[in-house]
Amino acid sequence: MPEPALRASNLSKRFGGLVAVDRVDLDLFAAEVHAVIGPNGAGKTTLLAMLAGELAPSAGSIRLGGHDVTTQSVEARTRSGIGRTFQRSAVIPRFRALDMVRLAALEPAGLALLSPLQANGSATARARTALDRVGLAERESVASEVLSHGEKRRLEIAAVLALEPKILLLDEPLAGLGADESRDVVALIETLKRDCAIMLIEHDIDVVFALADRITVLDNGRAIACGAPAQVRASAAVQQAYLGLDEP
Amino acid sequence: MNQDRIDAGLLLVLAAGAVLVPFVWSGYEIKLATTITIQAGLAVALGFVVGPAGLISVGHAAFYGLAAYLFAMTAPESEPANVFSTVLIAIFGAAAFAAFVGAVSIRSRGLYFILMTLAFGQLGYHFFHDTGIGGSADGAYVNFRPELHLPGIVISLDNAASFYQFVSVVVLAVVALSWWLRRSAFGSILVAARDNETRTRAFGYSPYVIRLVAFVISGAMAGAMGYLTAAQHGFVAPQMLAWQNSATVLVMVLIGGKDTTSGPAIGAILLLLAEEILQRATEHWLIGVGLIVVAVVILAPNGIVPYLAHALRSRRVQHA
Amino acid sequence: MSPFFFFVQLLNAVQYGLILYLVASGLTLLLGIMGVINLAHGAFYMVGAYMAFAVVQHLASFWLALPLAILLGLALGALLERFLLSRLEGADHLSQVLLSFGLILIINEGQRIIFGNDPHGIEVPQALNFSIPLSETFAYPAYRLFVCAIGIAFAIVVSLVMAKTRIGMMLRASAENRAMARALGVNAKRMYLGVTAAGIACAVLAGVIAAPIASVYPGMGDQVLILSFVVIVLGGIGSLPGALAGALLLGLVDSFGKQFFPNFAAFLVYAAMIAVLIVRPQGLFRGTGT
């Protein structure tokens with residue numbers, strides 16, 4: 001059994017009296033999509049925020065390739081190989097698409113910081129490759145804020161790709177996308193699987209069962225099931241939590 | 001791009017001024033040009049943190065004043081100081097203080113950052129005004145203009161023309177530095193952190209570190225301007241660090257626009273020229289300045305230069 | 001040191017602190033409820049002092065200056081909000097800082113135009129022009145006690161309004177969480193107008209009652225402004241009880257500081273302000289959270 005690329009153990013998050021995440025274990029393996037599903041308010045985004053470094057866990061630990069990163073900042077964690085997308089597309093308003101991806105692709109060492117972003121050959125090359133991969137090559141000179149919702153989502157994925165992460169945390173990447181765009185993004189995630197360990201939060205159950213190699217189901221902060229899709233589908237606990245979800 | 005041309009224009013004007021001004025002007029005009037050029041440099045220094053870094057510092061005059069005092073305190077009593085040694089001490093002192101202020105303040109969000117820089121500015125003011133260091137409320141004197149010690153020759157900066165040339169070169173360097181940094185990857189990261197901090201952190205950058213570096217550089221530049229002012233007048237006073245002074249420089253940044261290199265410099269030039277004109281019209285010229293400030297904030301909050309540029313562009317589109 | 005001397009210093013501290021409280025209360029409400037930084041607050045304090053001078057000069061009555069101050073303050077505050085602050089709706093702090101700084105220049109210079117550059121004194125009103133003996137050698141001016149009385153009365157009225165009335169509840173809710181209060185139906189426009197008018201009126205009133213004690217001189221608002229910021233940092237932005245506590249604390253530091261270490265008092269005040277901003281930005285007197 002290979003070592004997990006990321007191992008979260010006994011992760012909990014309390015906000016005062018409210019327990020948002022309750023002693024959850026989560027393992028992300030390379031070349032695998034691990035979906036996290038659950039009703040609204042189950043704690044999925046909170047869990048992701050802890051893995052990304054945005055929220056400090058109240059208890060538990062996160063290990064990245066053997067190193068304990070529980071208290072690492074967001075930026076340090078990114079440099080350690082974790083990339084994430086946001087539920088609501090976060091672009092940098094006045095940056096052109098290419099520049100935003102260049103920012104992600106840049107290796108901020110000494111002299112590279114002092115010359116213009118646009119002049120950086122390696123960052124530009126990696127940025128163009130990433131944009132090409134998500135199908136935004138022709139839109140590289142467009143200001144980020146002007147892009148359509150679907151394009152913004154793809155831009156975010158391109159930017160995250162340019163980081164060359166080992167671990168990818170995707171927070172509802174399909175939200176607000178039309179059928180065609182959704183299909184494109186799903187295909188993209190399939191190809192991304194080759195290079196990284198992916199955690200996917202998604203509401204569209206069909207997509208989840210199509211993409212995921214492993215599923216964790218959260219309910220009220222607790223993991224009530226974890227395993228291969230077929231297992232999870234058959235689990236009684238899951239059926240209870242998702243009353244009405246299964247076809248009669 | 002339009003803006004690039006304005007920026008380049010400013011650099012050209014400064015360079016040309018360094019050469020031509022001593023032939024064209026003398027006496028009062030050269031002294032005024034010197035003051036305006038220094039204040040333009042100070043505005044550019046502040047503009048660098050207010051604009052790309054998004055840090056509203058209302059205590060920047062403290063770095064300016066501290067450097068001036070360091071010069072006054074390290075300048076020898078009975079002979080001219082050496083520019084190189086004294087300017088290094090002054091700038092380093094200002095940068096060190098900026099590093100301290102920045103390290104402590106930049107962790108705080110918007111309003112609290114403003115209050116902290118205000119407090120630090122006052123701290124600096126009272127340090128020199130109350131404690132007896134540097135002559136207290138009376139200020140301190142520098143008895144001689146510093147000299148430029150180059151290999152082989154010593155250049156005296158005693159006359160107004162050569163001092164003006166010296167000032168132009170220093171300010172040119174400051175403006176060029178601001179220009180370079182703004183368009184560098186460092187500048188892009190600053191702007192990204194300002195416009196979407198979460199996203200920028202998720203790309204692996206630390207906004208705190210980036211902003212702190214920008215703040216220190218800005219403090220050093222402001223310090224250089226303080227040194228020049230002290231060298232120009234031969235006198236430093238606690239007023240140089242007061243919050244009213246910081247606010248005035250902020251006004252210059254406002255008028256010219258904070259998002260370009262040349263904006264703050266143009267703002268400084270416009271404000272000081274307006275003051276000159278108003279002063280000849282009435283002894284109550286400050287009211288005119290106040291009205292200008294209020295008008296610009298309400299009508300052209302991004303600065304006069306961007307406002308005019310925008311107006312011209314829409315005119316052109318209309319007639320197209 | 002004689003206990004009476006100590007007591008006199010204490011009274012001075014309280015009196016000075018209460019005046020600062022009057023000024024700072026407007027500032028903290030503007031900042032806490034409307035998110036507006038108003039650097040011109042000190043200038044309005046000066047307006048009050050000069051108004052008192054003008055009223056005493058032309059109408060020969062100090063007492064008239066009090067209601068006039070309140071009216072003038074309310075009017076100025078309303079004008080400020082209606083014509084200037086509302087234009088900055090949603091604008092960042094930079095615009096507010098610059099706008100209010102421009103106002104300072106206008107008001108300060110306007111004062112010079114009307115009254116000139118010389119400092120002036122105002123006589124303490126006849127009715128209060130006596131001292132209350134504390135011992136054989138110490139007597140305390142009745143007028144200063146009157147100032148304390150006004151400050152205390154104001155504090156009591158304000159706390160009653162905040163605690164017992166609907167308006168007070170809305171103000172407190174807005175100070176805690178502006179967006180939430182708006183969602184709950186608090187009429188922002190009217191409240192902002194009221195808060196600004198009341199806040200400026202307090203500053204003007206403070207200037208009037210301070211005038212017979214401190215003299216009336218150009219730029220007298222600058223010092224009060226900065227100290228008001230210290231007060232609201234110490235007390236917590238948006239908190240009126242905090243402003244009272246912070247102002248009294250500052251009054252103590254000022255009175256005793258000037259006596260014992262005049263060279264360092266001001267420096268220490270700002271060092272303390274910085275320390276509070278770092279360690280307890282919500283203020284010394286509030287619980288943690290928000």
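**Note on selected features**

1. In chain A, strand β3 (residues 33–37) pairs with β9(A) in the parallel sense over 4 bridges; strands are DSSP runs of E of at least two residues, and helices runs of H or I of at least four, numbered from the N terminus. Pairing requires that DSSP find at least two bridges between the strands. I37(A) has V217(A) as its bridge partner in β9(A).

2. This is a predicted model: local features need pLDDT of at least 70 and side-chain atom pairs count only at pLDDT 80 or more, while totals for chains, interfaces and linings use all residues. Residues are numbered from 1 along each chain as its sequence is written, with chains lettered from A and ligands numbered from 1 in the order in which they are written.

3. Strand β9 (residues 214–219) of chain A is largely enclosed by the rest of the structure, because 6 of its 6 residues are buried (20 or more other C-beta atoms within 10 Å of a residue's own, with C-beta atoms placed from the backbone). R214(A), T216(A) and L218(A) point one way from β9(A), and I215(A), V217(A) and D219(A) the other way. In a regular strand, side chains alternate between the two faces of the sheet.

4. β9(A) also runs antiparallel to strand β10 (residues 222–227) of chain A, joined by 5 bridges. Within this pairing, I215(A) stands opposite G227(A). The two strands, β9(A) and β10(A), form a hairpin with 2 residues between them, and N220(A) in the turn has a positive phi of about 50°.

Conventions. A residue is buried if 20 or more other C-beta atoms lie within 10 Å of its own, exposed if 12 or fewer, and partly exposed in between; C-beta atoms are placed from the backbone.
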